[in-house]
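My notes follow the order in which I checked things.

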Amino acid sequence: GITYQARKEIHKAVRKILETEAKIFRRPFNEQFGTFDGEDHECALWLLLKKSQSEDKEVRLQAVQDLANNSHWHDYQYGTVAQTCDQRTAIGLARSKDVDLRFFLPPPPMPKIKNDYPIEDELRLLLVSLPQTGLDPCVQYFTSLALRESSQTLAAQRGGLWCFGGNGLPYCETLGKVPSETVELFCLQALVQHSKVSSHCDKIEAKGGLQLLQRIYQQRKDSAKIQRNIIRIIGNMALDERLHSSIVRAGWVSVLAEVMKSPHVIQSSHASRALANLDRDMVKEKYPDGVYVLHPQYRSSQPIRADILFVHGLLGAAFKTWRQQDIDRRSDKKTSEGEEDYSQCWPKTWLASDCPALRIISVEYDTHLSDWKAKCPVEAHRKSIAYRSNELLDKLRAAGIGDRPLVWVSHSMGGLLVKKMLVDASKNPEMDKIVNNTRGIIFYSVPHHGSQLAEYSINARYLLFPSVEVKELSKDSPALKELNDDFLSFAKDKKFSVLSFAETLPTHIGSMIKLHVVPLESAKLGIGDLIPVDVNHLNICKPKKKDAFLYQRTLKFIQDVLAQEL
């Protein structure tokens, strides 16, 4: 009885404090507190909130985990946490698996727009306000492209000509109205490039860019592409800890927590990267643009023993390259059953479940068959393997690659990039941890001695404008021979474990050409095992199913070379 009376008195005092706080800060007061009876679970909530702000990191982390794992809170208690928890706790909850979204306040209401500018014009004004001198050529290109497309909006609305493109042969159409989504995408792609520059992120924040992006995000729920670009920008800005409080105040934590639950691996991985960059309490690494953690994407008590790094090839991407082999509806009678278990990214699903103690990372970079297709047609050296190696090495060190035992997994041209990165790292004392911690490398159809792709013209434009990447794959490329010699000379000393797979079936390129992109003799590195597989170049890294030879042999190699760690 005495305890109960004490609880009631405490409740009265807490209620008065909350009422006073609500008046001072002009917040709505939750009347649910009037029914507070001091039960144990009520005390537990406040105790956990207090612990989540403890000076002791272990206490903080455990409190956030307990808050997230308790599924018996009432509606008003979720609201209590949403309104009273600090920034660090909110980010920790967003990175907790299966967290209830009621823990998060919705994005703040957007301020009323004083002018009648459409969103694409507001984006254009934001771009104009950003520094335009001394820019990386890629940033300059995207900015000028976005501004040119946006500036034609008015002409188009008046029924004039609208010229679309700019990085190939532009074409003009007579349109009554420019599709605003297209203009927004141009502007957002330019902002993505600006967001890679730290000083430009400050300007984006100062000009209200976080709120503008939030408004576009909420209005464009129908466009996954627009939303993905926006979250990519937030992920880049989150690399700067000084901007974290602005990102949280603009309502991005609740948005990212929701996107983390998306069944689409690309969307959830973009959100996961942004939250990992915000979570300085649990994550010491930072994930620059194009570096994605496939596992673990949530906070976990499971210690990470080793890293697996996936590097795609020509025309590949961080996710689509590593999907399960596409289901053939005509030949597969169990299509509906198969589609249920279909993996959009087998490293994230299959490998993560088989080896939960691994951190699995996939990187992304632009590659093209022809300069007509180039997203950023700037000076050629940017696209060379040598340039990409230096750029990626810096990003990978920021992500903590080299701090743990490491296995590389590469497809096609990605394998050449892996070799170049290891050769470059071996010559740089600051990067030698990457070399010394490398335990093994898997090559899926890597053209160590060149590819037939470089000998063929897929059509006239590829004949006239083969990209730097394709030129580097030609059989008589001196750079390719030098790279292979350099790699072999030090790989033998380091005694790397190497496993190579080679395609035996031709690949359809366009409607006219079938060719072995990487012949067996070119896939032969000279060290390690070489296994021919009856698939084409595109499917050599896409197992048909989890118990298929390709995946099982890959898994065995990883488990063998990391046996000590796992």
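**Confidence.** I noted first that this is a predicted model. The chain has a mean pLDDT of 83, with 80% of its residues at 70 or more. Residues 154-178 have pLDDT below 50, although the stretch makes 53 contacts in the model beyond near neighbours in sequence. Residues 457-466 also fall below 50, with 19 such contacts. Where pLDDT is low, the predicted coordinates should not be read in detail. I left both stretches alone.

**Largest core.** I asked which residues touch the most other members of the largest nonpolar core. They are L93, L191, I247 and W252, out of 64 residues in that core. Helix α9, residues 180-194, is the top contributor, with eight residues. I also asked why this core lies between domain 1 and domain 2. Domain 1 (4-26 + 36-85) and domain 2 (112-150 + 178-289) each supply residues to the core, so the core sits between them.

Setting aside neighbours within four places in sequence, I found L93 in contact with V64, L67, A68, V81, V99, F103 and F104.

**Second core.** There is a separate core of 43 residues, and W408, A425, V435 and F487 are among them. F487 took me to the next entry.

**Helix α23.** This helix runs over residues 478-494 and has 17 residues. From first C-alpha to last, α23 reaches 25 Å, close to the 24 Å expected at 1.5 Å a residue. I listed the buried residues of α23 as L480, L483, N484, F487, L488, F490 and A491. An α-helix has 3.6 residues a turn, so residues three or four places apart point the same way. The buried list includes L480, L483, F487 and A491, and I read it with that spacing in mind. Just after α23, K495 has a positive phi of about 55 degrees.

**S343.** I looked up where S343 sits: in the loop between α16 (335-341) and α17 (346-354). Is S343 buried or exposed? The relative accessible area of S343 is 2%, so S343 counts as buried, the cut-off being under 20%. I then checked what the side chain of S343 reaches. Another is the backbone nitrogen of W346, at 3.1 Å. Not counting residues up to four places away in sequence, S343 touches R323, Q324, T349 and W350.

Key:
Residues numbered from 1 in each chain as written. Heavy atoms only, no water. pLDDT = per-residue confidence, 0-100. Contact = heavy atoms within 4.5 Å. Core = buried A, V, L, I, M, F, W, Y, C linked by side-chain atoms within 4.5 Å. Buried < 20%, exposed > 50% of the residue type's maximum accessible area, 1.4 Å probe, protein only. Helix = DSSP H or I, 4+ residues; strand = E, 2+ residues; numbered from the N terminus. Domains from an automatic or database assignment. Expected span 1.5 Å × (residues − 1). Polar contact = N/O pair within 3.5 Å; in protein donor to acceptor, adjacent residues only side chain to side chain.
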